[in-house]
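This briefing covers the pockets and the aromatic contacts of one protein model. Please read it alongside the sequence and the coordinates.

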Amino acid sequence: SVYLFYYPEFAFLSPGVFSALTEIKWVQQHLDEHPQSELRYYYMGYMIPNCPKMRYKTQYKPSELLCEESCRWVPALEALEKLDKDRNIRRLS
């Protein structure tokens, strides 16, 4: 994955969205060419739930966040709802 820096004056270009779509397309092409590949998922990278600039990552479905307490994947929108209600919550699942 490519790391991008956020500059408000370039927000209209949506570089994070462009990068994600390009990488998703690569994964899909890789799977078409190598159906037995163990590469099955696209990881959008670290997410800071209370950072609005990172929320674009939940636009892609399915999207999940890992609960650090239970080590289970939780649907991103469900996890974010819980985090929005209580920023100190530790268990998402």
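**Pockets and aromatic contacts**

The lining of the largest pocket is made up of 19 nonpolar, 10 charged and five polar residues. The model is predicted. A search of the whole structure returns one aromatic pair.

**Largest pocket**

- The volume of the largest pocket is about 1,200 Å³.
- Its lining comprises 34 residues, and those nearest the centre of the largest pocket are Met47, Glu64, Leu65, Leu66 and Trp73.
- Two or more lining residues of the largest pocket come from each of helix H1 (15-33), strand S1 (64-66) and helix H2 (76-85).
- H1 supplies four residues, the largest share of the lining of the largest pocket.

**Second largest pocket**

- The second largest pocket has a volume of about 640 Å³.
- Its lining holds 25 residues; Leu4, Gly16, Lys53, Tyr56 and Lys57 lie nearest the centre of the second largest pocket.
- By class, the lining of the second largest pocket has 17 nonpolar, five polar and three charged residues.

**Aromatic pair**

- The one aromatic pair found in the whole structure joins tyrosine 7 and phenylalanine 10, with 6.4 Å centre to centre and 90° between the planes.
- The pair is edge-to-face because its planes are 90° apart, and an angle over 60 degrees counts as edge-to-face.
- Tyrosine 7 counts as partly exposed because its relative accessibility is 46%.
- Phenylalanine 10, at 43% relative accessibility, also counts as partly exposed.

Key:
Residues are numbered from 1 along each chain as its sequence is written. This is a predicted model: local features need pLDDT of at least 70, side-chain atom pairs count only at pLDDT 80 or more; totals for chains, interfaces and linings use all residues. Side-chain values use heavy atoms; hydrogens and water are left out. Rings of Phe, Tyr and Trp (its six-membered ring) pair if their centres lie within 6.5 Å; planes under 30 degrees apart count as stacked, over 60 as edge-to-face and the rest as tilted. Buried means under 20% relative accessible area, exposed over 50%, partly exposed in between (1.4 Å probe, protein chains only). On a 1 Å grid over the protein atoms alone, a cavity is a set of points where a 1.4 Å probe fits but cannot get out, and a pocket is an open set with protein on both sides within 12 Å along at least five of seven lines; lining residues have an atom within 4 Å of a point. Grid points are joined across faces, edges and corners, and a volume is the space filled by probe spheres set on the points. Ala, Val, Leu, Ile, Met, Phe, Trp, Tyr, Cys and Pro count as nonpolar, Asp, Glu, Lys and Arg as charged, and the others, Gly among them, as polar.
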